[in-house]
Amino acid sequence: MSPNQSPNEIFDITIVGGGPTGLFAAFYCGMRNATCKIIDSLPELGGQLAELYPEKYIFDVGGFPKIRARDLVNQLKEQAFQYNPTVHLSERAQQLHRRDDGIFELTTDKRVHYSRAILICGGIGMFTPRPLPAENADAYEGKGLYYFLDNLDNFRGHRVLVIGGGDTALDFALMLEGVASEVTLIHRRDGFRAHEESVKKLMDSTVDVRTFVELKAIHGNGKVEKVELINNKTKEVTELEVDAIVSGLGFSASLGPINEWGLEIENNEIVVNTKMETSMPGVYAAGDVVTYPGKVKLIATGFGEAPTAVNNAKTFIDPKAKLSPGHSSSRSE
Ligand SMILES: Cc1cc2nc3c(=O)[nH]c(=O)nc-3n(C[C@H](O)[C@H](O)[C@H](O)COP(=O)(O)OP(=O)(O)OC[C@H]3O[C@@H](n4cnc5c(N)ncnc54)[C@H](O)[C@@H]3O)c2cc1C
């Protein structure tokens, strides 16, 4: 989506991170008549839901007994876009500076953004998949090697190798069962870190589970066609013909440059008070990125923290504004 406002315009609230918390915060900015801009390093909105588990069902968001992650993101976008927030995707927020006149200058890898307040909804940070240990893996990225399961149709009727023993890998394997023609899962140990229920489902499934097995090499002419697997106990090497490899080795995430903004940080999380204020006046934070006593990292808690942050930011920008927004049900259609 292309930005629809002048690049030097000063926004009321600039939100770093367009995951569920940032999207709901953007909606709330509209409710409070605050102009809003969202910046995200990913090419699409939705944060972890869109990037890590779009096809999974979520059962613990109020009002939705069951909703697919992708559908929740679409609903959040529809809700937020009622107020036309400006959205900058594929942009990494790198530096934050507050000018003498109080305006924040937020520098990304592409430009400078100007804002009266900042709301950090950066989640687990900018996340990158853990690389596969096979030497030539890089060459096959986008050519049959996947780190995200964003479209199951890409795997329909294919022979798929899934790698890993945690929740991500097991979820991937179980989602692919019935879509792919064959699913093989390899794990370097015989103990799984995934939930017991998922391990049981895996063992009862048609997935070919091979333990003490690691990926040695990938072969193919411009795309994945065959892998070499090594048994780490017997050192026996076997070949397996596959059309796709899905790495479920997890992700490493870091706040990265946000660590350098001078905010109080504890264990890679931003310390906030009950107003969602960080240690820097005018800078708020909400969602997975924050810590406070009793913090629970859930979509539902982010949905609570976002309006708290936006309503308090509104009174920071305009000290005459009321903290309480009133009821949305009083709004005319
Ligand atoms: C497999 C899996 C299943 C889950 N299931 C559930 C569930 O059933 N129920 C539940 O409540 N929770 C679940 N969660 C957790 C849930 O996804 C998170 O709590 C939620 O995504 C947090 O939302 P957020 O908006 O705070 O952060 P995120 O979703 O992490 O979004 C943060 C965004 O900020 C962006 N960002 C970070 N740093 C920068 C920067 N410097 N510049 C620009 N952009 C930046 C990132 O790219 C990202 O898009 C699950 C998580 C996983 C991995």
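A crossing is left-handed if the near helix is turned anticlockwise from the far one by less than a right angle, and right-handed if clockwise. I wrote that down before looking at any helix pair.

**Ground rules.** I am working on a predicted model, where local features need pLDDT of at least 70, side-chain atom pairs count only at pLDDT 80 or more, and totals for chains, interfaces and linings use all residues. I number residues from 1 along each chain as its sequence is written. My helices (H or I, at least four residues) and strands (E, at least two) are DSSP runs, numbered from the N terminus.

**Ligand shell.** I looked up what surrounds the ligand and found 36 residues. A residue is near if its C-beta atom, placed from the backbone, lies within 6 Å. The closest are Gly17, Gly19, Gly47, Gly123 and Gly287. I sorted the shell by class: 17 nonpolar, 14 polar and 5 charged. Here Ala, Val, Leu, Ile, Met, Phe, Trp, Tyr, Cys and Pro count as nonpolar, Asp, Glu, Lys and Arg as charged, and the others, Gly among them, as polar. Helices α1 (20–31), α2 (47–51) and α6 (299–317) each supply at least two shell residues.

**Helix α1 against α3.** I took α1 next. Its axis and that of α3 (residues 69–81) come within 8 Å and cross at roughly 25°. Axes are lines fitted to C-alpha atoms, for helices over the stretch in contact, and angles run from 0 to 180 degrees between N-to-C directions. Angles under 35 degrees count as roughly parallel, over 145 as roughly antiparallel, 65 to 115 as roughly perpendicular and the rest as oblique. So α1 and α3 are roughly parallel. The crossing is left-handed. From α1, the contact uses Pro20, Leu23, Phe24, Ala26 and Phe27; from α3, Leu72, Leu76, Lys77, Gln79 and Ala80. Contact requires C-beta atoms, placed from the backbone, within 7 Å. I logged 8 nonpolar, 1 polar and 1 charged residues here.

**Helix α1 against α6.** These axes also come within 8 Å, crossing at roughly 35°. α1 passes α6 in a right-handed crossing. Among the α1 residues in this contact are Thr21, Tyr28 and Cys29. The α6 side includes Ile299, Phe303 and Val310. The contact divides into 11 nonpolar, 2 polar and 1 charged.

**Helix α4 against α5.** I found α4 (residues 167–176) and α5 (residues 196–204) packed at about 40°, axes 10 Å apart. They are therefore oblique to each other. α4 passes α5 in a left-handed crossing. Asp167, Leu170, Asp171, Ala173 and Leu174 of α4 meet Ser198, Val199, Lys201 and Leu202 of α5. I counted 5 nonpolar, 1 polar and 3 charged.

**Record check.** Which residues does UniProt list for "binding site"? The unreviewed entry gives Thr21, Asp40, Gln48, Tyr53, Ala93, Phe127, Asp288 and Ser329. Such annotations may be inferred rather than shown by experiment. They are spread over 309 residues of sequence, and up to 37.3 Å between C-alpha atoms. I placed Asp40 in the loop between β2 (36–39) and α2.

Methods
Two residues are in contact if their C-beta atoms, placed from the backbone, lie within 7 Å.
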